[in-house]
Amino acid sequence: MSLIAPAHQEKLRDAFNEMTSRVRLLFFTQTLGCETCPQTRQILDELPALSDKISIEEVNFVLDKDKATQYGVERVPAIAVVGEDESKQAPGVIKDSRIRFLGTPAGYEFMSLVHAVLLVGGRPPSLTDKNRERVMAVTTPLTLQVFTTPT
Amino acid sequence: MAFVSPNITAFAVEATEYPDLARKYQVSGVPKTVVNDTVEILGALPQDAFIDQVLSATAARDDTKVTK
């Protein structure tokens with residue numbers, strides 16, 4: 001049974017229909033000692049059902065340390081949102097959006113995840129032109145951590 | 001911002017699942033944004049103000065930085 005009400009599923013399906021490129025969610029997980037990993041997987045599984053442009057790739061945090069390091073993931077559950085480059089027709093070529101979710105994307109965080117998927121899937125960023133230029137001019141590496149709670 | 005700039009990485013952190021991180025950055029209310037461990041932004045700000053704050057971290061290592 002879906003976690004999402006049918007009316008919301010319909011809205012999400014419409015929103016995802018606008019996507020122009022494929023998005024992959026790298027789901028970092030481990031089998032033991034992660035209480036919220038199964039719940040996170042359950043939430044993520046809702047998305048590919050709503051759009052054939054969205055896929056989930058499970059990454060074993062214990063066995064695939066290299067990938068975890070590559071994506072700056074130190075604990076699970078964690079999600080990295082990456083775009084798939086379709087122009088080159090080369091499956092597996094991915095563009096990291098550098099957007100990560102640490103913890104279960106439930107409640108309001110689920111909508112944040114949906115927004116991230118839409119953004120990476122081709123929706124124009126909500127930044128104003130001026131702010132977009134300011135952000136593009138950043139040369140210092142910046143790490144943003146946005147703390148939220150489930151609501 | 002992360003999507004637009006290759007130099008920016010953004011983490012959405014679920015504070016109750018990462019209590020050590022929440023403690024490290026003394027998160028007592030959400031949303032709270034921490035940039036490079038140097039700039040803290042409390043609450044949700046209008047886009048211009050938020051970006052002002054985030055970009056102020058790029059000057060954080062500069063001693064001539066003017067504190068607002």
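**Notes on the chain contact and one lysine**

1. Four bridges link β4(A) to β1(B), the strand of residues 8–14 in chain B, and the two run parallel. Strands pair when DSSP finds at least two bridges between them. In β1(B), B:Ala12 is the residue opposite A:Phe101.

2. The model is predicted: local features need pLDDT of at least 70, side-chain atom pairs count only at pLDDT 80 or more, and totals for chains, interfaces and linings use all residues. Residues are numbered from 1 along each chain as its sequence is written, while chains are lettered from A and ligands numbered from 1 in the order in which they are written.

3. Chain A puts 35 residues into the contact and chain B 34 residues, where contact means C-beta atoms, placed from the backbone, within 7 Å. On the chain A side, the elements giving two or more residues are β4 (94–102), α4 (108–120), α5 (129–136) and β5 (142–148). The largest share, seven residues, is from β5(A). Helices (H or I, at least four residues) and strands (E, at least two) are DSSP runs, numbered from the N terminus.

4. A:Lys53 lies in the loop between α2 (37–44) and β2 (54–60) of chain A. Is A:Lys53 buried or exposed? A:Lys53 is buried because 21 other C-beta atoms lie within 10 Å; the cut-off for buried is 20 or more, with 12 or fewer for exposed and partly exposed in between, using C-beta atoms placed from the backbone.

5. Leaving out residues up to four places away in sequence, A:Lys53 touches A:Phe16, A:Met19, A:Arg22, A:Val23 and A:Gly121. The C-alpha atoms of A:Lys53 and A:Thr20 are 8.3 Å apart, with the two residues 33 residues apart along the chain.

Key
Contact = placed C-beta atoms within 7 Å.
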